[in-house]
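Hi,

Here is the structure I promised to pass on to you. Have a look at it first, and then read my notes below with the picture open beside you.

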Amino acid sequence: MIANEKRRNQQETTKFMSNKRVADVLVDTLVAAGVKNIYGLAGDSLNGITDSIRTRDNINWIPVRHEETAAFAAGAEAHLTKHLAVCAGSCGPGNLHLINGLYDCQRSRVPVLAIAAHIPSQEIGSGYFQETHPENLFRECSHYCELISQPEQMPRILEIAMQTAIARRGVAVVVLPGNVALRAAPYQEPRLHFPEPKPTVVPSEDEILDLAEVLNQAKRVTILGGAGCAGAHSELIQVAERLKAPIVHALRGKEFIEYNNPYDVGMTGLLGFSSGYRAMMKCEILLMLGTDFPYQQFYPEQATIIQVDIRGEQIGRRTKVDLGLVGDVKATLQALCPHLEEKTDSAHLDASIQHYQTARQGLDVLATSEPGVKPIHPQYLAKVLDEVAAKDAIFSCDVGTPTIWAARYLRMNGKRRLLGSFNHGSMANALPQAIGAQVSHPGRQVITLSGDGGLSMLMGDLLTLRQLRLPVKVVVFNNGSLGFVELEMKAAGILDFATDLRNPDFAKMAEAAGVLGLRAETPEQVCPMLVEALQHDGPALVEVVVHRQELSMPPTIQLDQVVGFSLYMIKAVLDGRGTEILDLAETNLLR
C-alpha cells in the first residue's frame, strides 16, 4: 500500500516535470487549431502568453491601441476566413474593453475566442486591484465562459471553448489568471486533432414536398434572402428562375446575393429603397431564406410567409410564419429545386424589376455633383469609391450614414466583401474591422467608409496602421455631425441637439501619425485623391467634406414620420433656423 502511494506521488511529480508552462500549452493548442493571429494589448496578466508567442514564428501577436479594436479585428478575420480568430485583454479594464467588440462578434455569428486574463488566483474575491468577475461579465456576449483556476484544466477548457465557438458560430471566453498561466503544465499536447465538422442540415422529404406544393400553386412569389444564403448563389438563382420570383436582400446578404443576379430588386428596410419594399408588399408568398430581418413594419401583412433557417429558434420571431423549415439554405434549395414547376407568368417579376430600375436610376441621379459645388454629396463620394476600388476590395463601413451609402452604392461582384456592425449597430467598427481584414488578407485592398463620429471614437488605432504598416485606406465622410442620429431626431419632430461635431483636420492628424493624409473639399478633388490613396504603398486617409443635410429616406414613409418632420420644420423656423431649413429643402427636395 505504501509502495502504491509512493508510485502515485512519483507519477504526479513526473507529470509536472516539464519546461512548458500553462501559457505555452495554450499557445500550442491555438497553433494546432490553425490560429495565426492574436489581437490584443499587452499587460502584466498576459505576460506568460505574450512571452510564449515572442519566440515563435507560427503565430503572431497583433498589437492594437484599444482592446475593443482587438475584438472587432478578430471578428473581421473570422467573418472573412470562416475560421476561429482570437483576441486577448489583460485583467480588469483590459478585458472589459473587449466586451463591445465581442457583442458584435456574437451577434454577427462569427467564431471568436477571447482570452480574458485575470488577477492572481489567490487574490480573487478580496477586492484586489483591477478585480472584476469576467466569468459573469462575459456571459451575455458569449456561448461559453469559464475560469481556469488550476493547471490541470489546460488544454481541456480551452479546447471546449474553441469547439463551442466553432460549433455555435459565436464567442467563447477563457478566463486565465496571470499566475496560473506561468505555472508548470501537467499536460503537454493539444487533445483534439480532428478537422472542423461540416454537417449538412436538410428538411425532411415530406417537408420539402409540402414546400414545393405551396410554391407551385402560387402566382406571385418574392424571395427575401440574408446572410444564410452565403455559398448558395447558384441555387438561389435557379429557384428564382423557376418561380419567376424577384429577390430582395437584407443588408447582411448583400455580398452573397446582389452580384450576377437578374432577379435582384434591391434592399428593403430602413436602409433600402422602394423597389425591395414593393416586391415584398405585392407578393402572394414571401419565401425567407437565411435571414432574421428585424424590422416588422416592412413585412407584408396579407402574404403567406415561409421561412427556411438553419437556426430553428429564429423561425417566426419577426413576423407570423405559415411554414417554417429548419435547414441549410444551399442544401434545402438543392432538395427543393427538382420538385418546382417552372412558372410561365412573369408579370410580378417584370413589374418588380421595372420598379427597381426606376428606383436605381433615381439613386444614381442623386450620386452626382457639379464642379465647385460645396459641400460634396456623400452619394457621389460612395459612387466614385465604388468605381475606383479594386474588383476584390474588402470594405468596412461605420454605423450610420456610411452604412446607408455602402448599401446603396457599393456594388458586390462575388469577389468583394462588405463588413459592418449590421446587427449590433456599434459606432467605430470600420477601422478596427479593416485592421483584421488587412492582417488576415495582406494582398487585398481594404477600404473603410468611416463616419467622422465613428473614426474619432477609436482614432488611436490609426497608429496601429502605421506601426504594423497595414495599407488600409480610410475614407472619412466628414459632415460635422452624428448624421443618422440627427436624421432620427428630425423624423421624430425633435430639434437636433448634441449632434454637432467640432472636428479637427483629419488629414493633418493622419499625417502626424505617419499616415498619408488627403482632404477633398470640392467634387473634382474626390476621384484624384481616392486614386492617389489607393495607389499609395502604405496606409492612407482621405477626408471628404460632405453635405450635412443629406436625407437618406427609407423606402416607405410612415405618417408619424411625416408629422414628425413637419413638426421639426416648424420648430426649426421658430428657433431661428430658417437658413438650415432652406438648405435642407434645396439639398433634398429640389434635386
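**Strands, helices and a few residues**

In this predicted model, strand β13 (residues 394-397) runs parallel to strand β15 (residues 446-451), and 4 bridges join the two. To find the pairing on screen, look for S396, which stands opposite T448 in β15.

Now for what packs against these strands. Helix α18 (residues 430-440) packs on the sheet and touches β13, β14, β15 and β16 (473-478). The direction of α18 makes about 175 degrees with that of β15. Helix α4 (residues 67-81) lies across β13 and β14, and it runs at about 150 degrees to β14.

What does the whole sheet look like, and in which order do its strands come? It is an open sheet of 6 strands with parallel pairing, in the order β14-β13-β15-β16-β18-β17. The edge strands, each pairing on one side only, are β14 (417-420) and β17 (516-520). From one strand to the next, the twist averages 20 degrees. As a reminder, strands of a sheet pair through backbone hydrogen bonds, either parallel or antiparallel.

Is H441 buried or exposed? Its relative accessible area is 18%, and the cut-off for buried is under 20%, so H441 counts as buried. Beyond its neighbours within four places in sequence, H441 is in contact with L80, T81 and I394. H441 and L80 are 361 residues apart along the chain, yet their C-alpha atoms are separated by 8.8 Å.

Finally, turn to the surface. V201, I310 and V326 form a nonpolar patch there, and together they have about 190 Å² of accessible area. I310 sits in the loop between β11 (304-309) and β12 (323-326). With a relative accessible area of 38%, I310 is partly exposed.

Happy exploring!

Note on methods. Residues numbered from 1 in each chain as written. Predicted model: local features only at pLDDT ≥ 70, side-chain atom pairs only at ≥ 80, totals over all residues. Heavy atoms only, no water. Patch = residues over 30% accessible without salt bridge, like charges linked within 9 Å, V, L, I, M, F, W, Y side chains within 5 Å. Areas by Shrake-Rupley, 256 points an atom, 1.4 Å probe, with all protein chains shown as cover. Salt bridge = Lys/Arg side-chain N within 4 Å of Asp/Glu carboxyl O. Buried < 20%, exposed > 50% of the residue type's maximum accessible area, 1.4 Å probe, protein only. Pairing = 2+ DSSP bridges. Axes fitted to C-alpha atoms, helices over the stretch in contact; angles between N-to-C directions. Contact = heavy atoms within 4.5 Å.
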